[in-house]
Amino acid sequence: MTQRNRFSTGGQIDRSTTHQFVFDGKRYHGHAGDTLASALLANGVRLMGRSFKYHRPRGVLTAGSEEPNALVELRDGDRQEPNTRATTAELYDGLFAKSQNRLGSLRFDLLAINDRLSNFLTAGFYYKTFMWPAAFWEKLYEPVIRHAAGLGSLSLQDDPDVYDKGFLHCDVLIIGAGPAGLSAALTVGRAGADVILADEDFRMGGRLNSETFALGDDSGADWAAAAVAELESLPNVRVMARTTVIGAFDHGIYGAVERVSDHVHTPAEGKPRQILWRIYTQRTILAGGATERPIAFENNDRPGIMLASAMRSYANRFAVTPDQRVAIFTNNDDGHRTAADLHAKGVKIAAVVDVRPDIPRSHDYEVLHGEVIDTKGRLGLTFAEVRLGDGSTRTLECGALGLSGGWNPNVHMTCHQRGRPTWNDTLAAFVPGPDLPAGMCVAGAANGTLSTAGALREGHAAAVSVLDLDTSDVDLPQAEDTPVAIKPFWYVEGCARAWLDQQNDVTVKDVKLSHQEGFRSVEHLKRYTTLGMATDQGKTSNMGGLAIMAELAGKSIPEVGTTIFRPPYTPTAIGAFGGRHRGQDFHPKRLTPSHQWATEQGAVFVEVGNWMRAQWFPRDGETTWRQSVDREVLATRKSVGVCDVTTLGKVDVQGTDAADFLNKIYCNGFAKLAVGKTRYGLMLREDGIAMDDGTAARLAEDHFVVTTTTANALPVYRHMEFVRQCLFPDMDVQLISTTEAWAQYAVAGPNSRSVLEKIVDQDMSNDAFPFMACANITVCGGLRARLFRISFSGELAYEIAVPTAYGDALMRKIMEAGAEFEITPYGTEALGVMRIEKGHAAGNELNGTTSAQNLGMGRMVSKKKDSIGSILSEREGLNRDDDLRQVGIKPVDPEAPVPAGAHLMAMDGPIDAAHDQGYATSACFSPNLGHAIALGFLKNGSERTGERMRLVSPLTQVETEVEIVSAHFIDPEGDRLRA
Amino acid sequence: MHDLKPLTALGGSEPRIERFAHVTIAENDGLALASVAARMGFEAECHGTLKALLGAVPGPGQAILHDPEAGFWMGPDQWMIGAPKDTHELLADNLKVRFADTASITEQSGAWVCFDLIGPGMADVCERLCGVPIRKMVAGDAQRTVIHQLGCFVIRRADADHLRILGPRASAGTLHHALVTAARSTA
Amino acid sequence: MIIHHPLLGPRDAAEFTYMGDAKLIDRPDWQSETAAQEFYEYGYLRDNPAGWHKELWFHEAGDRSWLVVTRNTLTHEISNVELARDVARARGRSK
């Protein structure tokens, strides 16, 4: 197929580079510098999609990012991207695209029947129609509607591409590289300030590329190219094409999406498809231009009907005409430019229809005073019906119709901080209001200054003002400076199926109906009719809807007001917001120093607070995790086991007030703890609920090492800093996290001393290093280390720490030294089993709802000192006689399960919340006892040992008869610890 | 003398180096680190010792790139001191002697992984990693910030294109992956 | 948002963790006759103004300073940022 609608000369395309592409299975050719839309038009393709609701044939309306209609599925396979605007998709060789929202072919869409049913599919249709029977909604209506309506389809495969995030700083951010933006950038750039100039288009210049005006001696496009070249040569200017600024956020932070690889078939190795930039700027010049708006009339949505300014873009920038016979419908002078430009390129102008009586005449083509009242052409425009000023009608033969209803300044970004635009009567449009985001000023068409010379002047002036320059004289090129002449005109009287929002298929009739049904607020109108709620956010449609609303309500347009403009300015891929944080990179991983060693042992890992912890170490012949865990538990209790406990949070607390500080953060006392001793500490929140627990080891009079649970390391540290800085600012205490500075291993079991004696360079006897001792020591003949005699398992146990770099070596050394005792590495599951057997509380018990009383540690809360949470822990509600107390739970039948989360009920009576007595928090199979056990909370539990109850979980249909026992299943006297 | 062999933060026996045309990412395994926090009431004495040690007291956001000991500001009245590990394995112990009761010293050698980003593409790589104003930072600027959700120190070194990043050691692999990914992205 | 740290200058709010009303600095005296009532009010009764508000922010990914940030909750305008430690001392807290 030839590019039959391509002019033989002109445009800013590279005719020496031809790209082949496929649309709906057909092969076409275009050039470098084309968009998919311009290339399709060049090939005579006007029909590009089907509408959302009625499946009406649609073509392009615009030549930019505001496009509501020409949405395609771009690329295929896992790179298929739905709802891509053909008007912004840059053509590349091998581009593959499909039209969307059709059943069958684009030309014969079976769902076009919806168009015949349009009387039933008006505003609020879904709300009114599918109310009953209720079950039908989910099972019938919604699936059918979802299938019929909607836009493109997802690939349903993983996106193979990657997205980056990035951070940029500048003095001045300039949004938009049209005449105003370029003029501002030249002034700011030449003055030496750090500038970022961002434009969504791949070719900078804005409307300069689409118009035939001269700037001085150059064409607009050449002037823009020269300006961009100069800016690119300045080291302080960052020129960013293909970059859409999507939002103005607080305090000078802007979001911008750079499309790095969207214009190539496949991103280069390692390169992202897009980058989401976070731009920090002092000042911003918004030069985002304006968007032309259409006029509504009957059947105004046929392929070939488009904005007059888009026609100029296609003609002047892409050397394309949508058809060889074109008509124009306008309410302002700008529409006439399109006729003049196309005529100059040899296109037949059927007529220019202007709603104004006193209109500029032309020698080259016919200019009519009147209105377009209807159109014809099933898959593309063939005729336009015109009602002339005198009441007579005329039929114009044309394959394209350009609409010019005036221009809307792109005020979006000015409103992202709750600013409201103000109405300008001269332009019949909203312009930026007084409440701009801090640091922003607006220049050019975005500010309502629609002439080229005005844009150049304002861009320069904005630059002078943001930099506070004293030069006001500048050599700006001579340029077009025509004032705006417009008669507000939104829709043709008497029309009904006249489209306002072409993407969501909202018509003039829908807006009238919504008014008739009582929707008066513009926000209600929007939601009831869905006007402006599509991916284009109503850039070409909202104003028409507002104008009709105003008319019906007898108000002015500014009285009706606009809906709120929110980021992003144009649709932004979720992938860009996710950046690299996907899959394995979703969040950081923390590896312990023995990770490599554990991997060698075949460990199964579990993620705890980003740490990868060994969960168990399966051995040959073990087919279930329970076999491994049971073996690890039994071996540790029988001889010795080793477990990596590096992950526990560690905080170094130093200073002359260190002990006083611990007295504040722990509910129990620390002042009298001797140097060389460790103590268990329970931390409360100020409301008296347990926050975390751990140990504090006193290494010197003024030096403690505090441990936290793995998961709470960060919040506990934050809390400690709060207490230090905000509550007791004059305490001499210094904090620093040392979690990752030390590799720490628990060596537990009756033979643990024998193992460590081979490693530690000091006397390990019970007298020299008793239970709860701690010390700075050396190991293996001189490496600095720390030793703590603490036990989570209930066995004779130690924790030994060395600088992280030596963790791997120490673990291997421990395994070597323990070989003669058949030392067994154990993971977090065995750790959990042993602590449940011992009755030690952990995260399941310190679950944010339990007090020291509940945990059976009420007596630990010292009343002789001030500590966080001590006062509120005395509240009546936390000290009731029938309060929950930690208990042990064992099944009467040793084979029966005791699931964690199950609730305790009396042996008789109903099973419901009103009769709830408590619940199981942690459960496991105890290989030492030969049956399942659990820890739990029971009302008045400390007085109910021996009682039989039912442990029930209606959700999993478990009901087990259990006996309430002591939470200390193993060695309740603690003899093993002190051995 | 003990026979325990240390591993680098990335888990190797030798530090890793990745070379790209525009930047080199080198794991720096040669640093001994210790934090110094002034004791209340002894701020002046602590400053004096810091000055004697580094030549000056690093202010907020600043590093003193001094040999053999260098240091940077971590927080109010708190600094990190670094020195070559070969000669200063016991840096924390030595500082304890030097500062005596005027400061709290904590060994930090094992807590951090250090990467040196060197090359003309350093700033481009940095811009994909974190929000520090890298192109406005000068030698001796040291900021703590977030890279791939990890709290890191970013220090502009004396050479024009040299950036040092200290990150949490347990996440050395994640941080390295982020750096290499950013380098490929900007190559 | 950008928070102008009194020591470090402008920093992205993403580096901070938010805690809320800076009245949390004014922890009651545990030995007061009415300590229980005062702690109840301290723990549970907070203002949630539409407008200017003094708030606690922790520079978690920075220098680990707690800050008192005076912020307009309607506009996000920030009028003052102080080190919480200085504020605490000024309000008479010691040790």
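Q: What makes 23 residues of chain C count as being in contact with chain A?
A: Two residues are in contact if their C-beta atoms, placed from the backbone, lie within 7 Å, and by that criterion 23 residues of chain C are in contact with 22 residues of chain A. Helix 1 (35-44) and helix 2 (84-90) of chain C are the elements that give two or more residues to this side of chain C, where helices (H or I, at least four residues) and strands (E, at least two) are DSSP runs numbered from the N terminus. The model is a predicted one, in which local features need pLDDT of at least 70 and side-chain atom pairs count only at pLDDT 80 or more, whereas totals for chains, interfaces and linings use all residues. Residues are numbered from 1 along each chain as its sequence is written, while chains are lettered from A and ligands numbered from 1 in the order in which they are written.

Q: How do the residues on the side of chain C that touches chain A divide into nonpolar, polar and charged, and what makes a residue one or another?
A: Ala, Val, Leu, Ile, Met, Phe, Trp, Tyr, Cys and Pro count as nonpolar, Asp, Glu, Lys and Arg as charged, and the others, Gly among them, as polar. On the side of chain C that touches chain A, 12 residues are nonpolar, 4 polar and 7 charged.

Q: Which elements of chain B give two or more residues to the side that touches chain A?
A: Between these two chains, 39 residues of chain B are in contact with 40 residues of chain A. Strand 3, strand 7 (103-107) and helix 5 (172-186) of chain B each give two or more residues to that side of chain B, and helix 5 of chain B provides the largest share, 5 residues. This side of chain B divides into 13 nonpolar, 17 polar and 9 charged residues.

Q: What makes strand 6 of chain B mostly covered?
A: A residue is buried if 20 or more other C-beta atoms lie within 10 Å of its own, exposed if 12 or fewer, and partly exposed in between, with C-beta atoms placed from the backbone. In strand 6 (residues 78-84) of chain B, 5 of the 7 residues are buried, and the strand is accordingly described as mostly covered.

Q: How do you know which strands pair with strand 6 of chain B?
A: Two strands pair if DSSP finds at least two bridges between them. Strand 3 (residues 31-38) of chain B pairs with strand 6 of chain B in the antiparallel sense over 7 bridges, with Ala37(B) opposite Gln78(B). Strand 5 (residues 70-75) of chain B also pairs with strand 6 of chain B in the antiparallel sense, over 5 bridges, and here Gly71(B) stands opposite Ile81(B). Strand 5 and strand 6 of chain B form a hairpin with 2 residues between them, and Asp77(B) in the turn has a positive phi of about 55°.

Q: Why do strand 1 and strand 9 of chain B stand at the edges of their sheet?
A: The sheet is open, with 6 strands in the order 1-2-8-11-10-9 (chain B) and antiparallel pairing. Strand 1 (17-19) and strand 9 (142-147) of chain B each have a single partner strand, so one side of each is left without a neighbour in the sheet. Strand 9 of chain B pairs in the antiparallel sense with strand 10 (residues 150-156) of chain B over 6 bridges, and Phe153(B) in strand 10 is the bridge partner of Arg144(B).

Q: Why are helix 10 and helix 11 of chain A called oblique to each other?
A: Axes are lines fitted to C-alpha atoms, for helices over the stretch in contact, and angles run from 0 to 180 degrees between N-to-C directions. Angles under 35 degrees count as roughly parallel, over 145 as roughly antiparallel, 65 to 115 as roughly perpendicular and the rest as oblique. Helix 10 (residues 508-516) and helix 11 (residues 522-529) of chain A pack at about 120°, with their axes 10 Å apart, and these helices are therefore oblique to each other. The contact is made by Asp510(A), Val511(A) and Ser514(A) of helix 10 and by Leu525(A), Tyr528(A) and Thr529(A) of helix 11.

Q: Why is helix 7 of chain A largely enclosed by the rest of the structure?
A: In helix 7 (residues 308-317) of chain A, 10 of the 10 residues are buried, so the helix is largely enclosed. Among the elements that these buried residues pack against are helix 1 (36-42), strand 18 (325-330) and helix 8 (334-344) of chain A.
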